[in-house]
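Please look through the model below before reading the numbered points, which are arranged by region.

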Amino acid sequence: MKFNYIQKTPFYNTLSELGKRIFLPDGIFYWSGRAKNEAELIGTLGAAYGFEKDFIEGGSSDWLPCYLREITGYSKLSVKQIIPYTSIGGLLETRMIWKDWIIKKSLYSEKEASLLSRLEKYITTPVITGGVTNGIFQACSMFLNPSDYIIVPNKRWGNYDNIICQFIGAKTQSFEFFKENEMNIDGLRSTIEKIAKIQEKIVLLLNFPNNPTGYVPKKEEASNLVDMLKDSQTTHDKPIVVLVDDAYEPYVYKDDVLNKSIFYDLHQLDENVIPIKLDGITKELLIYGGRVGFITLGLKPSWIADEEELQNLKDEINNKLEGFIRATISNCNSFYQVLIHKLFEENGFEQIIKSREGVNKLLKIRYETINSELKKINNPNISIDPNSGGFFVFVNLDSNKIKARKFADHLLKEYKVGIIPIEKLDENINGIRIAYCSIDLSKIPELVKRIDLALKDF
Ligand SMILES: Cc1ncc(COP(=O)(O)O)c(C=O)c1O
C-alpha cells in the first residue's frame, strides 16, 4: 500500500514508525468485493449464514446470519442489524451521523459560514473505536514511537500513563497544569520549547473538562492557548499534534468558559497544529458499557491542491486508522453502533440534547453545591483546583502535612467516605478526586463535612 498523499503532507512526519508502517491489507476485502460482483457462489465471508428455516424451527426463507433464537427476545432491532460484523472502521451510517454530530457540536451559526464549511470539508469521517480509551490508544500508537515524548498536564487521567508509558513505551513530559488558578499556558509553552529541541514533532494531549480536576478554560484562556500553540508551531517550525480527549465534552456548568471542544478552534488554524478529536458515547450519551468511541482528524487546506487530493488523503488516513483497528479489535460492537445511528436518526440531535438536559442540570447543581460546601472549609492545608465542568473536583492537600493516600485511608476507615487519592510527588500532585457525578445532592454537605473533620485529624 502506498501513501503518496500522506507522504506529501507535514502530517507524515508526525507519524510513529508504526503509524508509517500500518495499513489495512486489502486481501479479504479485495476478494470479497470482487466475489460480490463476479461470483455465482460466494465463499468469502467468515460468518455463518443460512435460510432461517434451516436453523430455527418455524423460521422464514430469508437468508440470514445464523443466530440463537433466544437472542431475539432482548432487542427490537433485527438480527440482520445486530448479528453481523460491521465494517472495520464502523457502520458507515453511524460514522456519517457522528460526523454531523461533531459539526452540530461546533455551535457554528449560519453566519459563520466559512468556519462551518472548513469544518465540514476538512475533517475525516470518524472511525469507530472500542470506547474513548481505545481511541486514545490508537491515536497514541499512531504518533508515538517507544521513547518519544508526549506532553501532558501533570493533572491527568491515570490511564494515559498506562497506555503511553506501560503499553507503548513512550514517555510523558508533564507541565504544571495551573498557575494562579488559571491554565499555565507559559508552562506549556516552555515545555513545547524543550521538546522541540529533541523531537521533530510535538505531540500534546489535552482534556477539557478535565479528569481529575473538572477544569475547563475560560474563553479568554482558551483563545490564549490556541494563540500560543499557533505561535509555537511557527516559531519551532515543527508540526504540533494535539490529541483532544473530549470524553466529558457536554458537561460544562459555567457561562464564561469554553462551551465546546478546543478541537474546533485548533482546526481553524492554518498552521500545522493538527487536532485529533477523541470522543464517544460513554459519558456524552451516558452509555458507559456501549464501548463506542470515535477518532476524527482535522486536516489543513494547505496540505492539498484540489478536491481529488483531499479525498485521496482522507482515504489514505482512513486506511491507516482501519489498519490499527483491524490489528487490535478488528471492529466494534455492532449492536451499539446501530443503536447510536437509530437514536440520532429517529430522534434528531436537538431531542437528544434536550433529553440529556436533565442530567446536565442534576450535575450542575451538585457541582455548585460541592464547590460552595468545599469553600466553607477553613483549613490552610487544602486548595481546590479551578473547575467548571465534567464529573469531578480535585482537592489539593499540603504534602508537608498530609499525604493523599494516607488521608484517603483515614477518611475511609474513620469516616466511611471513599474518594480517589492521587499522590505523585514527583509531579507536584497530592490530593483527592471527588466524583460528585455519583453522589446525590442531599449527601454532598455530609460528605464535605466528613472530609473537613478528617482534615482536622492531621
Ligand atoms: C479523561 C477520560 N478520557 C477517556 C475516558 C475513557 O472513556 P471510555 O470509557 O469511553 O473508554 C475516561 C473515562 O473515565 C476519562 O476520564
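1. On the basis of the model: it is predicted, local features need pLDDT of at least 70, side-chain atom pairs count only at pLDDT 80 or more, and totals for chains, interfaces and linings use all residues. Residues are numbered from 1 along each chain as its sequence is written.

2. The domain assignment, whose bounds come from an automatic or database source, gives domain 1 (4-82), domain 2 (92-347) and domain 3 (352-456). Taken over C-alpha atoms, the centres of domain 1 and domain 3 are separated by 46 Å.

3. Cys 140, leaving aside its neighbours within four places in sequence, is in contact with Ile 150, Ile 163, Ile 164 and Ile 168, two residues being in contact if their C-beta atoms, placed from the backbone, lie within 7 Å.

4. Is strand β10 (residues 273-280) largely enclosed or open? A residue is called buried if 20 or more other C-beta atoms, placed from the backbone, lie within 10 Å of its own, exposed if 12 or fewer, and partly exposed in between; 8 of the 8 residues of β10 are buried, so the strand is largely enclosed by the rest of the structure. In a regular strand the side chains alternate between the two faces of the sheet. Both faces of β10 are covered, with Val 273, Pro 275, Lys 277 and Asp 279 buried on one side and Ile 274, Ile 276, Leu 278 and Gly 280 buried on the other. Strands β9 and β10 run parallel and are joined by 6 bridges, pairing being assigned if DSSP finds at least two bridges between strands, and Val 244 stands opposite Lys 277 in β10.

5. Arg 291 lies in the loop between α13 (281-284) and β11 (293-297). Why does Arg 291 count as buried? It does so because 20 other C-beta atoms are within 10 Å. Apart from neighbours within four places in sequence, Arg 291 is in contact with Gly 130, Gly 131, Cys 332, Asn 333 and Tyr 336.

6. Two cis peptide bonds deserve a check of the backbone. One runs from Phe 208 to Pro 209, with omega near -20 degrees, and another joins Asn 211 and Pro 212, with omega about 25 degrees. Pro 209 is found in the loop between β8 (202-206) and α11 (219-236), and Pro 212 is likewise placed in the loop between β8 and α11.8. Positive phi values occur in residues other than glycine: Ser 147 has phi near 85 degrees, and Asp 237 has phi near 55 degrees. Ser 147 lies in the loop between α8 and β4 (149-153) and counts as exposed because it has 9 C-beta neighbours inside 10 Å. Asp 237 is in the loop between α11 and β9 (240-245) and is exposed, with 10 other C-beta atoms within 10 Å.

7. In strand β15 (residues 429-435), 6 of the 7 residues are buried, so the strand is largely enclosed by the rest of the structure. Strand β13 (residues 392-397) pairs with β15 in the antiparallel sense over 5 bridges, and strand β14 (residues 420-424) pairs with β15 in the antiparallel sense over 5 bridges. Arg 433 in β15 has Phe 394 opposite and also Ile 420 opposite. β14 and β15 form a hairpin with 4 residues between them, and Asn 428 in the turn has a positive phi of about 60 degrees.

How values were computed: Helix = DSSP H or I, 4+ residues; strand = E, 2+ residues; numbered from the N terminus.
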